[in-house]
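The sequence and the model come first, and the description follows.

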Amino acid sequence: MSTPQTPITILGAGIAGLTLGRCLRYHGIPTILYEKRSKEYTHKYGITLQPSTYQPLLKILDLDEPTFRKITAIDGNGHVDSYTSFTPKEEVSKCVRVHRGKFEQMLREGLEIKWGSQIESVKKDGQSYRIKVKNVTAFDTRALVATDGTHSIVRSTLSDSKLKVLPYVAFYGRRRISQATYEEIFKGHFRKSLVSHERKGPTLLQLSLSDITPEYVEVNWIYSRPSSGASDELLNPERSPDSANVIPEALFEEVSRLKDLSSPYAEIFGSQSIKNDRILHWLMRSSLLANNDLQRLAKENVLLIGDAAHTEPIIGGNGANLAVDDAISLGNWTARDPKFAGVGSWYGTRHALWEKSADLGIEVISQLHSDGVGLERDSKKVHGVL
Ligand SMILES: Cc1cc2nc3c(=O)[nH]c(=O)nc-3n(C[C@H](O)[C@H](O)[C@H](O)COP(=O)(O)OP(=O)(O)OC[C@H]3O[C@@H](n4cnc5c(N)ncnc54)[C@H](O)[C@@H]3O)c2cc1C
């Protein structure tokens, strides 16, 4: 069907789409990426990449590790030395906390990306697929890789797979502090690791840095706990994607009841300023497309990877790492099998790994919110090597 000269269509220019684009470019295979966001859009938060994820990427990007850290890490180094769920103890200090915006910026280099191109529909038309992009005439494609994330239009159009919401309340906030406050209160805390956790009973508090500039520093926080059941007004599993910024007053009442917080948790959660933070209500979503669906679609040259194929809860999940790993693995496969003739067997192996990762993600989020289970990074219960 497709030949190495025919550009492969990639829907979505997030972590999986961009990594795949770069990997295929490395192998001399052209791609065109369609992305609904504008070129100026930048994600402003940190993600933890494991050594097994970013080290294979260095070859494709032709970078050494110090340069990679300098370009992508929040502070030019990206040190993480606290609990990370999918990393064996001895590897934790090799993880890197990248700034997602800088990471994606670097991946974009040399790729053909159609910005502002929202895919509105994907329909079968004879041997190929007809894709309708907002404000653009529909076009046909013979090889399509969907990397359009958690709310994938390709998955929802071409399969019956549904997103499940796990029973955890989670809120994510961002506070901008002055350099002086950072130096005085926060710097020592983050010296060894850009991420830290503290637990109060089953409630998990997380702090991380997402930006350090000469003028200000951005601190991100997460407040999460198991849901108390269907009547829990902070869970709201049916909320629309557009209402994530509607924050119930009950959150602030609940947070104000936290006692004996250490510094700098006390400064973040124990202050009235929390009401002025930019806060989002998070749903802990999970999904895994059935192997049968993946095999069926692969026969028609429609492939899905990253969050579009398998979504893991943000807390305790491994989505970014799997997205990079999927893209490198598929890119290398495509170089050997450009017509995707045997890609079904690639899915066979991959799906088993996604299943294992999904199970582990659910176990990890449960352990993270279990009173009495340690958060220390050598806790065997919450580690898995994929
Ligand atoms: C705050 C935060 C922190 C996280 N931290 C970590 C972490 O530390 N470790 C970890 O492993 N994971 C982490 N994750 C999860 C991780 O970011 C995701 O799993 C990962 O981004 C998935 O990559 P993806 O390319 O599959 O999807 P995405 O990165 O979501 O990319 C999908 C892309 O498709 C585009 N798109 C969507 N629909 C359309 C459409 N109809 N038309 C065109 N374009 C479309 C989107 O705009 C987006 O650019 C975190 C997530 C968040 C939000």
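## The ligand shell

By class, the shell around the ligand consists of 13 nonpolar, 12 polar and 5 charged residues. Here Ala, Val, Leu, Ile, Met, Phe, Trp, Tyr, Cys and Pro count as nonpolar, Asp, Glu, Lys and Arg as charged, and the others, Gly among them, as polar. The model is predicted: local features need pLDDT of at least 70 and side-chain atom pairs count only at pLDDT 80 or more, while totals for chains, interfaces and linings use all residues. Residues are numbered from 1 along each chain as its sequence is written.

Of the 30 residues around the ligand, Gly12, Gly14, Gly149, Gly306 and Gly319 come nearest. A residue is near a molecule if its C-beta atom, placed from the backbone, lies within 6 Å of it. At least two shell residues each are supplied by α1 (15-26), β3 (46-49) and α10 (319-336). The largest share, 4 residues, comes from α10. Helices (H or I, at least four residues) and strands (E, at least two) are DSSP runs, numbered from the N terminus.

α10 is mostly covered, with 14 of its 18 residues buried. A residue is buried if 20 or more other C-beta atoms lie within 10 Å of its own, exposed if 12 or fewer, and partly exposed in between, with C-beta atoms placed from the backbone. The end C-alpha atoms of α10 are 26 Å apart, which agrees with the 26 Å that its 18 residues should span at 1.5 Å a residue; the expected span is 1.5 Å times one less than the number of residues.

## The chain and its domains

The chain has 11 helices and 18 strands. Its C-alpha trace spans about 65 × 50 × 45 Å along the principal axes. The radius of gyration is 21 Å, in agreement with the value near 21 Å for a compact globule of 386 residues; it is taken over C-alpha atoms, and the globule rule is 2.2 Å times the number of residues to the power 0.38. Of the 386 residues, 41% count as buried.

The chain is divided into domain 1 (8-43 + 100-163 + 286-368) and domain 2 (167-283), with bounds from an automatic or database domain assignment. Their C-alpha centres lie 30 Å apart. Which residues make up the contact between them, by number? On the domain 1 side there are 5 residues, in contact with 7 residues of domain 2. Two residues are in contact if their C-beta atoms, placed from the backbone, lie within 7 Å. The domain 1 side has 4 nonpolar, 1 polar and no charged residues.

Asparagine 236 lies in the loop between β14 (216-226) and α7 (249-256). Aspartate 260 is in the loop between α7 and α8. Proline 264 is also placed between α7 and α8 (265-269); a cis peptide bond joins serine 263 to proline 264, with omega about 5 degrees.

Methionine 284 belongs to the loop between β15 (278-282) and β16 (285-288). Methionine 284 is buried, with 25 other C-beta atoms within 10 Å. Leaving out residues up to four places away in sequence, methionine 284 touches Val165, Leu166, Tyr168, Ala170, Pro313, Ile314, Ile315 and Ile365.
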